[in-house]
Amino acid sequence: MTRPTIAITMGDPAGIGPEVIMKALAQPEAQALCNMLVIGDAGRLRQAGKIVGTSLDVDSLVDAKDANFTSKNVQCVDLKIVPEDLPFGQMSPVAGEAAYRYIERAVQVVQAGLAQGICTAPLSKEALHAAGHKYPGHTELLAHLTGTPEVSMMLVSPKLRVIHVTTHIGLIDAIRKIEPGLVERVITRGHDVLVKAGIKTPKIGVCAINPHAGENGLFGYGEEAEKITPAVEACQKKGWDVRGPLPADTLFFLAGRGDYDMVVAMYHDQGHGPIKVLGLESGVNITVGLPVIRTSVDHGTAFDIAGKGIADERSLIEALRQAVDLAPGAKPA
């Protein structure tokens, strides 16, 4: 099969993105996975390379089609946005604009057939907004750039997969937004991506909203019966192994020991908390429902340690692995 090419966006250039990219790309484990094409600023990558102590050099490319994957150098589509004196560890509208442009170019590269997936380093939502791009995060930005009306966030760790019905909205708004059609569509997107990843009959557990799944009406106002149960029953009628709504605390325990292939979380913190307890270094964020493959590290810009050379690259390597696994018609050589 064809060796896939994954476009890696540099994220916020004031954060740890440039450092984890240079550390990851120096690892034989990452080099064996795929062709890696960074979308960012070559100058910033060279600075990061010196900070982390790698001997990798960086080739500055005008166009993705000029990439030379037989070279040992990092191949970078160089947007030349970041000034040399941009400080690490500080929020900047310049960095926010750069992060936006990297994503925009990566989408164009994949749509042109020059890469089979996108792997994103973290951006700062505050910097993105300061640059005038009012998106809650990567997920919503990618949906906009690809013209996709609805996508879902899936978090993956070695022991747990979680897909979210709602993400970057307040809890009261999330409960209002949850309805059977949305829950069914999210379950469907999760089921489809698991089947594509090789799990023929995935077992899916669906979280309740209230403690103890409402305890037969003792907690809440019947949200489970109104908003979740119809979606679960609709999926069961398709012959899928979908169970719920289940108490979230019990469900995550069962999924963590392997009883379920995926958990459907109703809101942001319900799904993010268990994944992050298991370890940020192994977590991966996958946007499900886009016309392009997109995976990401499951950590932020870490401004507090940016520029110090101590950021952990393992989440990026795992995100690359997941991107390769999901890339259409492509596996590592």
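Predicted model: local features only at pLDDT ≥ 70, side-chain atom pairs only at ≥ 80, totals over all residues.

Residues are numbered from 1 along each chain as its sequence is written, and side-chain values use heavy atoms, with hydrogens and water left out.

Find strand β4, residues 74–78. (Helices, H or I with at least four residues, and strands, E with at least two, are DSSP runs numbered from the N terminus.) 5 of its 5 residues are buried, so β4 is largely enclosed by the rest of the structure. Buried means under 20% relative accessible area, exposed means over 50%, and partly exposed is in between, using a 1.4 Å probe and protein chains only. In a regular strand, side chains alternate between the two faces of the sheet. Here both faces are covered: Val74, Cys76 and Asp78 are buried on one side, Gln75 and Val77 on the other.

Who are the neighbours? Strand β2 (residues 35–40) runs parallel to β4 and is joined to it by 4 bridges, with Val38 opposite Cys76. Strand β3 (residues 58–61) is also parallel to β4, again with 4 bridges, and Leu61 stands opposite Val77.

Now look at helix α3, residues 42–52, where Ala42, Arg44, Leu45, Ala48, Gly49 and Val52 are buried. They cover an arc of only 155° around the axis (taken from the directions from the helix axis to the C-beta atoms), which puts them on the same side of α3. These buried residues pack against α1 (17–25), β2, β3 and β4, where contact means heavy atoms within 4.5 Å.

Most residues other than glycine have a negative phi, and most peptide bonds are trans. Lys80 has a positive phi, near 50°, and sits in the loop between β4 and α4 (93–111). Is Lys80 buried or exposed? At 62% relative accessibility, Lys80 counts as exposed. Ala213 has a positive phi too, near 55°, in the loop between β8 (203–207) and α9 (223–237); Ala213 is partly exposed, at 21%. Finally, a cis peptide bond joins Gly244 and Pro245, with omega about 0°, and Pro245 lies in strand β9 (residues 241–246).

Conventions:
Pairing = 2+ DSSP bridges.
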